[in-house]
Amino acid sequence: MCITFRKDITGLARAPRIINTGTSAGKPLGNPRDKMIQRKIIESGFRLLEEGIEDMTIINI
Amino acid sequence: MLNKLRITTALIKRRRPDFEFKTFRNAPITPLTKPLNKCKLALITTGGLHLKTDPPFDLTTQNGDCSYRKLPGDIRQEDIAISHKWYNHKFINADLNCVFPIDRMREYVEKGRIKSLSEEHYSFMGHIYGTEGLIKNSIKVGKGLKEIGVNIAFITPT
């Protein structure tokens, strides 16, 4: 499971499961102490792991 | 998105004219073979994190440092040093979980969403231009994690 803010670059590597957080360098899981967004991102990752996927799958947060 | 990638590539090529992003054709899909609440999870980052007691990553090598550092399962924010100089450290200095969400994962273990966390997590450097050593070391880390029963890895590029 890859949590990235650059889905273009991560996509080139064909990581199978990508959570695109749309943040910026140095904070792929969002702003400091924002537990709500951190949990939202991780939960999205968990759900994607539980899904059966057949090719690279990107979830945009 | 393509423009952003072209701009990034062009910026890197100013320093490394021969640079091209490594690309792969196929995604290696590994299905989850048991429920999440039976799984052991590890974190891997490319944030250049390491224990204060461990040697820093080498920022002087032309192709980048392909080595890695082990981070113990009971790691705390105050144990961490950062070698990586190409991202702003103000976020991670305020909250390790911006890059390395260990506290959130500990909560998920307590809630029973996942079974356990690995006794060891790993950190690599970013800004690596020669990826051969990186591929070799990432395979080594992956095998090691598998040997200690890890089922899931969350990877956080910075």
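The largest nonpolar core has 34 residues, and those touching the most other members are A:Phe46, B:Leu41, B:Leu49, B:Phe100, B:Met105 and B:Phe154. A nonpolar core is a set of buried Ala, Val, Leu, Ile, Met, Phe, Trp, Tyr and Cys residues joined through side-chain atoms within 4.5 Å. Buried means under 20% relative accessible area, exposed means over 50%, and partly exposed lies in between (1.4 Å probe, protein chains only). At least two residues of this core come from each of α2 (35–50) of chain A and β1 (40–45), β2 (49–51), β4 (80–82), α2, α3 and β7 of chain B. Helices (H or I, at least four residues) and strands (E, at least two) are DSSP runs, numbered from the N terminus. The element that gives the most to this core is α2(A), with 5 residues.

A:Phe46 touches B:Leu36, B:Leu41, B:Met105, B:Tyr108, B:Arg113, B:Ile114 and B:Phe154, leaving out residues up to four places away in sequence. Contact here means heavy atoms within 4.5 Å. A second, separate core has 7 residues, including B:Ala42, B:Tyr122, B:Phe124 and B:Val150.

This is a predicted model, in which local features need pLDDT of at least 70 and side-chain atom pairs count only at pLDDT 80 or more, while totals for chains, interfaces and linings use all residues. Residues are numbered from 1 along each chain as its sequence is written, chains are lettered from A and ligands numbered from 1 in the order in which they are written, and side-chain values use heavy atoms, with hydrogens and water left out.

Now consider the contact between the chains. Chain B supplies 42 residues to it and chain A supplies 37. The area buried between them is about 3,400 Å², and carbon and sulfur atoms give 64% of that area. Buried area is the accessible area (1.4 Å probe) that two parts lose on being put together, summed over both. The interface has 3 salt bridges, a salt bridge being a side-chain nitrogen of Lys or Arg within 4 Å of a carboxyl oxygen of Asp or Glu. One salt bridge joins the side chains of A:Glu50 and B:Arg113, at 3.1 Å from N to O. On the side of chain B that touches chain A, α1 (2–15), α2 (90–94), α3 (102–111) and β7 (152–156) of chain B each supply at least two residues.

Within α3(B), the buried residues are B:Ile102, B:Arg104, B:Met105, B:Glu107 and B:Tyr108. Their cover includes α2 of chain A, along with β1, β5 (116–117), β6 (120–124) and β7 of chain B. Just after α3(B), B:Gly112 has a positive phi of about 85°.

Strand β6 of chain B contains B:His121. B:His121 is buried, with 0% relative accessibility. Its side chain reaches the backbone nitrogen of B:Leu43 at 2.9 Å, and the side chain of B:His121 also reaches the backbone oxygen of B:Ser118 at 3.4 Å.

In chain A, A:Ile19 sits in strand β2 (residues 17–20). Is A:Ile19 buried or exposed? A:Ile19 is buried, because its relative accessible area is 0%. Leaving out residues up to four places away in sequence, its contacts include A:Met1, A:Ile3, A:Ile41, A:Leu48 and A:Ile61. A:Ile19 and A:Arg39 are 20 residues apart along the chain, and their C-alpha atoms are separated by 12 Å.

Technical notes
A polar contact is a pair of N or O atoms within 3.5 Å; within protein, one must be able to donate a hydrogen and the other to accept it, and residues adjacent in sequence count only if both atoms are side-chain atoms.
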